[in-house]
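Work through the exercises below with the structure open. Try each task before reading its solution.

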Amino acid sequence: MTLADRNELRQPSYGEARGAAWLAAELRDHLWPWGSGAQGGRTSLRLAGFGLAVAATIAWILTALGHLSAGAIIGWWFGWSVLEVFVRLDGKPYVKEGPWWGRLYRRASLMDMLCYVSFKNLLIGASLFLSLKAMGLLQL
Amino acid sequence: MFSQRTLRRLLAPLAALLLTSAAHADTYEIKLPPELSSSPRLCDYAPCSEVLPGATSFSERKGQPSYVEGYRDDAGQKTKVGYVMLSTDITDIPAYSGKPVVTLIGMDTAGKFTGVKILKHSEPILLLGIPESSLVKFNNQYLGQFVGDNIEIGKSRPEENLIGLDAITGATVTVIAQNQVMMTSGTEVAKQVGILKPVIRPQARFPISDAAPSWANLVADGSVQHLVVKPEDLGLKGDGRPYMDLWFGYLNQPTIGRALLGKDGYASLMARLKEGEHAIFIIRTAGMDSFKGSGFVRGGIYDRVQVRQDKDSFTFRDLDYVNLWGLAAAGAPAYDESAIFIIRGKGFSAAYPWKLVFLGNRIDKETAAKTFANFDREYWLADSYLEGGRPEVIKPDPTWLKVWKDKALQIGAFIVLLLGVAAAYANRDRLVRRSSHKNKWRVNAFKYTGWLLSIGFVGFQAMAQPSITQVLTWFHSLLFQWQWELFLSDPLIFIFWIFIIVTVFVWGRGLFCGWLCPFGSLSELLYKLGRACGLKRFQFHLPQALHDRLKGLKYAIFFGLLAVSFFSMGLAEKLAEIEPFKTTFLVGLLNRSWPYTLFAGGLLGLSIFTERPFCKYLCPLGAALAMPTTFRWFGLKRKDECTKCKACAKGCGSLAIDTKGNIDQRECMLCLDCMVLYYDDHACPPLAQERKRRDKAGQPLTPIDARGYFIPIHPAPARSATEEKHS
């Protein structure tokens with residue numbers, strides 16, 4: 001065990017899913033920051049976050065269409081990431097402990113969540129950026 | 001609105017204030033007049049006479065790629081003394097920053113370099129770390145050298161006719177790129193003006209065949225090639241169309257020529273060609289511009305396309321153009337621009353590979369300045385179209401491969417070091433089990449060896465200290481122009497980064513930061529030496545609460561640098577001087593101005609009294625690596641008792657164990673002290689307690705299991721007298 005304090009262990013929002021269902025649940029867990037049920041978080045934060053997520057998506061589309069500069073999309077992405085940290089701390093306050101294929105989760109501190117969200121969004125942003133650039137839809 | 005300009009305005013004076021003693025960087029990111037790259041009168045905008053001493057007047061730009069002639073005034077008579085060329089007119093080889101070093105080069109009529117002047121560069125290392133004068137000194141090594149000589153970075157090898165140039169320590173990639181720029185530029189002009197003669201290659205002979213391949217067959221066997229240039233490649237806005245979509249092929253080969261032009265067309269074309277002349281066709285199937293060039297005039301040259309074979313290039317004039325009336329091959333695509341060009345150079349041979357080159361201009365969006373950019377596609381007739389098949393062609397190694405070969409021994413030693421440290425760490429369980437809190441040499445022997453080698457060999461000798469500037473440079477290259485060759489040119493850094501990325505995800509940042517970072521190793525070694533020298537009573541750790549607050553500073557520095565890099569890479573590179581790595585390893589503590597020396601020396605001095613102050617609180621690279629460490633696969637072990645017991649936490653030099661006994665993996669340097677305690681039945685309180693209990697009870701001490709506890713003793717049920725008897 002890499003954690004001394006077992007009280008830090010957490011159960012992910014998707015419970016005990018296995019196989020392909022587990023992979024799908026993992027994917028949803030990374031892409032969908034809002035919790036459900038008891039872990040759903042505050043409605044106001046949920047609504048604000050949902051609004052910003054829509055705005056960030058629109059910003060990506062506008063950028064792809066050449067109406068926004070790369071600086072603007074980076075700004076949007078950063079803003080969205082900041083909000084995602086709070087949304088997740090509210091609704092899905094855990095991060096994985098150990099290998100990505102494992103099932104051990106721990107309570108996320110603010111720093112854990114900052115690292116998780118920034119790194120995850122950096123990867124998503126880089127993938128989107130490189131895909132759009134490869135398709136010739138984004139120019140710098 | 002907090003605009004980009006506002007941010008620049010605020011940050012620029014701040015950086016200037018911080019860096020008042022920075023080396024004076026005259027040409028770093030300087031704004032050059034746009035006419036420099038476009039005006040026929042190059043020397044009205046560039047100091048040509050400085051690179052061609054004795055020349056008093058200069059011609060307009062001429063040739064393809066362009067150069068100017070310089071003349072001396074001999075009693076009213078103009079005498080040609082040499083040539084001046086602007087590197088960006090000729091080649092687009094980028095330096096470490098991903099942008100070219102704009103260089104003005106002078107060469108006399110005998111082909112010897114007479115002067116080199118840097119007009120603009122974007123090299124961060126030359127901005128602060130290494131004085132720009134080093135690049136000037138490097139360039140001065142070319143003066144008097146003949147353009148046709150074999151000049152490379154490294155030691156001279158007279159037996160191979162190789163002239164070696166001294167590199168700039170710590171800027172290897174920059175000078176390798178600069179050498180390519182110098183030699184490519186000089187060679188291109190020397191060939192045009194007749195100083196260097198073209199290589200005469202044996203001509204191809206073609207087998208007789210009645211085959212009539214279709215367009216698809218010709219494409220499949222490589223007889224017709226495709227060259228596509230995207231608008232983004234030239235800094236233009238895209239609308240889904242390619243900027244240039246060209247198909248081309250060699251027409252002299254009878255099977256191919258007849259298939260493409262029809263029998264009559266082929267016969268007619270061949271009748272026009274003299275011996276040693278060759279024809280190629282080009283069609284444009286889509287695109288935003290003409291491949292013939294909009295500025296073409298009668299008697300001029302086609303400045304958008306040329307053919308290159310090895311180091312020889314062949315351009316086309318109006319007399320080299322023949323109309324292409326149609327393509328006979330079945331399935332040939334529709335096209336809206338076409339040409340047949342005749343290659344008249346004696347050196348061309350279809351038996352050897354050649355390239356069609358599209359010459360473009362890349363536009364810088366910020367400055368609107370144009371820089372030369374070329375795009376090429378190789379063409380080589382298939383074996384079946386050549387009598388006797390393709391001749392053997394030995395292609396010279398690319399520059400990066402030469403560097404790898406030259407440094408093979410160093411690279412080998414470095415890989416052994418990395419694998420050795422990784423193997424030692426992978427076997428940590430065995431090592432810590434054989435150690436005790438009083439005798440940790442089995443672990444420390446590996447760790448200290450790693451430190452000494454990383455300081456001496458990696459840091460001072462190979463100068464392969466990873467830095468946040470590399471992360472920022474990669475980020476920039478990813479955005480603008482990624483070139484593997486550029487990063488492969490510095491093999492040790494390249495290998496180090498692969499190792500770092502892999503080990504961060506497997507074990508966390510600690511293996512690099514704690515065992516292999518040259519500066520980190522030096523820092524902790526000083527702390528250990530201080531202790532050994534009797535300074536222990538002066539050594540201290542910050543209170544945990546203060547440490548917990550200060551450790552966030554390095555993340556703020558990292559995010560600050562990342563944010564600034566979006567607006568100004570140059571400013572980010574300047575601010576990255578918070579890393580004392582350049583001062584310590586690349587340039588040397590005594591070779592820099594006093595603020596840098598004071599800063600680096602101060603940090604190292606402080607390291608004697610407190611463990612790794614820079615790594616804990618300031619290192620942006622450490623912060624960048626700490627973030628993915630959150631997701632490392634394999635962490636250190638903890639027991640349930642660790643929540644209450646503070647034994648490990650008390651001895652943790654990294655202050656990485658919190659009040660609940662959990663290890664903050666982002667801060668952990670993987671020193672393994674806590675793991676030694678974990679298995680030490682004289683030091684780990686729960687283990688020691690159990691050991692004492694068993695000793696008292698007369699029970700044996702069973703081995704310690706992977707969870708860090710003695711294997712429990714399960715008393716076997718006593719056997720009955722009957723069973724005893726039977727056995």
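**Exercise 1.** Describe the chain over residues 555–573 of chain B.

Solution. Residues 555–573 of chain B are 95% helix and 0% strand; helices (H or I, at least four residues) and strands (E, at least two) are DSSP runs, numbered from the N terminus. The end C-alpha atoms of this span are 17 Å apart. Next, take residues 492–517 of chain B, which are 85% helix and 0% strand, with end C-alpha atoms 13 Å apart.

The model is predicted: local features need pLDDT of at least 70 and side-chain atom pairs pLDDT 80 or more, while totals for chains, interfaces and linings use all residues. Residues are numbered from 1 along each chain as its sequence is written, and chains are lettered from A and ligands numbered from 1 in the order written.

**Exercise 2.** Work out the strand order of the sheet in chain A and explain which strands stand at the edges.

Solution. Chain A has four helices and three strands, in the sequence pattern β-α-α-α-β-β-α. The three strands form an open antiparallel sheet in the order S1-S3-S2; strands pair if DSSP finds at least two bridges between them. Strands S1 (9–10) and S2 (94–96) of chain A each have a single partner strand, so one side of each is left without a neighbour in the sheet. Two bridges join S1(A) to S3 (residues 105–107) of chain A. Arg10(A) has Tyr105(A) as its bridge partner in S3(A).
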